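The sequence and structure follow.

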Amino acid sequence: MSRVASPATSPPRAPSLRWSRWRGRLRIVAFLSPWLLGTGLFFIYPLIATAYFSLMKYDGFTPPVWTGLTNWDYVINVYPFFWPALRNTIWLVFVVVTLRVLFGLAVGLLVVKLRRSAGVFRTLYYAPHLAPPVAATMAFVFLLNPGTGPVNTILGHLGLPEPGWFNDPAWSKPALTILVLWGIGDLMIIFMAARLDVPLEQYEAAGLDGAGAFSRFRFVTLPNIRPILVFAAVVGVIETMQFYTEPLVAGKVASGQIGGSGQQVEPGYPSKSTLTLPELVYNLGFQRFDIGAACVVALVLFALSMLFAVFLMRRGSGFLAAED
Amino acid sequence: MAEGTVIAADVRREGSTRRQPAGRSWSGRDALEWVAVHAIAVAAALFFILPVVFVLLTSVMTDQQALTRDLWPQSWEWQNFKTVWNTPGFLTWWRNTLMYAGLGTALMLVSSIPVAYALARFRFRGRNVVMMVVIATMMLPPQVVIVPMYLVWSRQFDLTGSLWPLIIPLAFGDPFSIFLLRQFFLTIPQEYVDAAKVDGCSDFRAMVRVVLPMAKPAVAAVALFQFFYCWNDYFGPQIYASENPAAWTLSYGLESFKSAHHTNWNLTMAATLLVMAPVIIVFFFAQKAFVEGVTLTGVKG
Amino acid sequence: MARLHRTVGMTAAVVLTAAGTACTGSTSGGAEDDPTEEVTIKFWHGWSAPSEVAAINATIEDFEAEYPNIHVEAVGNITDDKINQALRAGGDNAPDVVSSFTTDNVGQFCSSHVFVDLAPFFEESGIDPEETFPETLLDYTQFDGVQCSLPLLSDAYGLYYNKDAFAEAGIESPPKTLSEFEADAIKLTKSDGDTYSQLGFMPNYHGYETTITHYASLWGPTYFDEDGNSNAANDPAIASAYEWQKHMVDSLGGYDKLEKYRATFGDEWGSKHPFMTGQVAMQLDGEWRAGMIDDAGVDFDYGVAPFPVPDDQADTYGKGYLSGTIVGIASTSEKQNAAWEFVKYLTTDTDAVVNFANAIHNVPSTMDALESPDLDVTPASQVFIEIAQNDNSNTTPASPNGGAYQLTLQDVGYGYESGEITDLHAALEDADEQIDADIDQAQ
């Protein structure tokens, strides 16, 4: 607008400045408007409502009744699924996240090593990551079926023990871990890219110093990709806390209790070993219709997720920084 | 620029810079290493491929054989796929999934791009707070807010039993996409935008005419991610669409397929493949966009 | 015990209706529609097998022929979770008439007013439920004296046995006591290394219908005391059921071996059911299995008998666990009078009940239908009709949080059969505490 302004028609200075500042603000608000509305409607409002319902007795039918901390007491002290779910989550956070990072790193570095044949292998390694979780889980429950599944068939031929996998509380989480590792594609690419980003000169310098493969990894690769490792680990923790579809579907399919009418679906089959916190929200909120208690679990889940999100923003200020 | 650097993920880049110097010949050690590395690569490939191979082999077995320990089909029952395809509802699931993913992705792009642009280009107080909220919501498990959201969609809007409660929110920006796009927009030099504005473009036109064409890879990546997120989503349809079979998606229907089909593993595995297939096919065509997209998520400072 | 439960229920009903009218007026407010006008009602049911869907659709057609102004839109393959969810959501998509395969959620449906109290409708139509339906069936369709649902055919549980396998093992007649049953099960079991070529009986709780409540019904358990508190640790009947099951697990090869064998079983509702493939020789199952076996065709002769009873209760032989499909009217429905016409037809019209029972091989759920000459009586169905009419047959009582207490008890079972729980009594005491706390939370 300033392009056509001539001294004769230009309005007094001060109002113009204020006007343009307003216009600037309006412009920002206009650009941000979808997000402002969305965050208010789909994040802030429901979060407040969740906190509110967590203090109410509400079954979705009769009007909510204020019960204070009763739901909190119930979930923490009585509800039989809460602690098993939390324990499972801790197990998964330690084992799955560690293995995912290590395996992803190994596969990523392997692809870099492959050089010219990298393309084909990269494609093969990445593709499973895209498999819809329900489909992948059903496939793995079949593959790891203790009686007739191909994996145990092969183990049997080799004379190895045949675990009960998704049907055995001791093996159900390892089975889920294998399923997760099968979809490692995203981490592989991230690590591959991080490794390729390491300046070549550093390897050359290390080579001149006569460093072996291990020293090159230890003293060149590792320090360079450390931020990405932290990033992968923290995101892994957050993803693991959101683990829902795979354990739910695996439990349903393996137990044979898959949604026929009149069947009581047993969450966390076998023996609560695959329960996760998000599953509890579903169990309490959409099976038992104890909306108050469901909101308690939702808040616990929220607190844990935000804890790690803050950690990520702090530690990872390099790659997630808000400021530039 | 510094912190928004995007790693070009193409292995070929390394391949070209590390091409063997012309004068140097292959030593025995190189050959040995080549064999070792490729042996490991093949072993790893088996881990990723064999599950699909077994699923495929089972999907063409007879009902009888699928429940035995046989690994190789005695006869190839390709009509299993036809049986699955002709299951009542299967086409509806396809249509619904496509609508959810397609419409959801389009709405997400329209709503997220301006937000990302504002966060990358405008300087304003509270921008860091906005960024932090974006990151926080990006990491929010959907289960945290599901209970009140379900009550709103069912009581206020009477939209449960459909996929609309999943599609409509995408018209209000998706945090993950906003974050990724913003990171990419930061890498586009400000001079281009300034030049456009000198030519009389508004910010909106500068975004559409200048920034978007340069950000095609990022836009393609977030679109693909969103499309696949919707395509694979199970929790959302489970909550909002489960009560109405006419609104089921493939992921949700696949599970019910198992209960309706009385665990014929062969048919279940055929259905599993039919649900996976489009994803894998799209991947082969859009591989580059995927790889670039994933790399974007690992953007570093 | 059923009688006692009912008396308690009726007393509670009087108290509740007196107290309830003041604050739950909304439940009767919906019944103002005119059932003679042109109207379409939505009916949700759980049947998914093609033959069953055809049977319910035929019943609906007959109804529409008789009541031409009421049209029924049926949706099948609906689970209880979805029913619960949709009824809470209300609105245009929600059903008017709902049926469920399980009686477990009746307590929840009645106490949270998801289903309307049918008493006013009985009065209007001049139906006396006590003269229409068998007592146990009325028991499991009401809660705290509120009859909010009605039985739509019933299920009785008995013993299926493979006659060919019996002949081969030299067993002449089906066992009548549990000790005979154990001996027969062992005789019928052919171990093959670490698996079986034939198993006499799959005792593990995941062996489909072999749940703790189905076992425990043989001892005549009391799940709740007069105050409504969980009674599992105090009732020796319940502990006996757990102990007997564990004993069977141990004498048939142990938990691990049985579990591994179980994983080779086909689905419960398919033609690869282990009894139908000959993998197990005896099965605790409902009357519908006979129809499934006949439809699928098996290459052996099978017989049906009441499930054997504990040795010290040999005189009660002939009893069994009873359950059934239930049907109710959604309190969110604005077409409750039309819905009632449909429910009345489904559950009390003798021809409708008989035809439907014949079509899906269930036990009819009204006294008249049980006596009807049109009922297809096969040797198998006769056994189940008698179990259904046996005075000692029993069911699991309704509770305000649905079947949650059964899941808690079942959990003890999973721990006990696998050896994880060794002190059964302590585990049952914990379960009692858990069940009481869960019910408190639900109320």
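In this predicted model, the contact between chain A and chain B draws on 93 residues from chain A and 85 residues from chain B. On the side of chain B that touches chain A, helix H2 (residues 28-59) of chain B is the element that gives the most, contributing eleven residues. Sorted by class, that side of chain B consists of 56 nonpolar, 21 polar and eight charged residues.

Within chain A, helix H8 (residues 185-196) packs against helix H10 (residues 213-241) at an angle of about 150°, and their axes lie 9 Å apart. Because angles over 145 degrees count as roughly antiparallel, H8(A) is roughly antiparallel to H10(A). The crossing in which H8(A) passes H10(A) is right-handed. The residues that make this contact are set out below by helix.

| Helix | Residues in the contact |
|---|---|
| H8(A) | A:Leu187, A:Ile190, A:Phe191, A:Ala194 and A:Arg195 |
| H10(A) | A:Thr221, A:Ile225, A:Ile228 and A:Ala232 |

By class, the residues of the contact of H8(A) with H10(A) comprise seven nonpolar, one polar and one charged.

Turning to the nonpolar cores, the largest has 184 residues, and those with the most contacts inside it are A:Val111, A:Met188, A:Val297 and B:Leu181. In soluble globular proteins, nonpolar side chains tend to be buried together.

Notes: Residues are numbered from 1 along each chain as its sequence is written. Chains are lettered from A and ligands numbered from 1 in the order in which they are written. This is a predicted model: local features need pLDDT of at least 70, side-chain atom pairs count only at pLDDT 80 or more; totals for chains, interfaces and linings use all residues. Two residues are in contact if their C-beta atoms, placed from the backbone, lie within 7 Å. Helices (H or I, at least four residues) and strands (E, at least two) are DSSP runs, numbered from the N terminus. Ala, Val, Leu, Ile, Met, Phe, Trp, Tyr, Cys and Pro count as nonpolar, Asp, Glu, Lys and Arg as charged, and the others, Gly among them, as polar. Axes are lines fitted to C-alpha atoms, for helices over the stretch in contact, and angles run from 0 to 180 degrees between N-to-C directions. Angles under 35 degrees count as roughly parallel, over 145 as roughly antiparallel, 65 to 115 as roughly perpendicular and the rest as oblique. A crossing is left-handed if the near helix is turned anticlockwise from the far one by less than a right angle, and right-handed if clockwise. A nonpolar core is a set of buried Ala, Val, Leu, Ile, Met, Phe, Trp, Tyr and Cys residues joined through C-beta atoms within 7 Å. A residue is buried if 20 or more other C-beta atoms lie within 10 Å of its own, exposed if 12 or fewer, and partly exposed in between; C-beta atoms are placed from the backbone.
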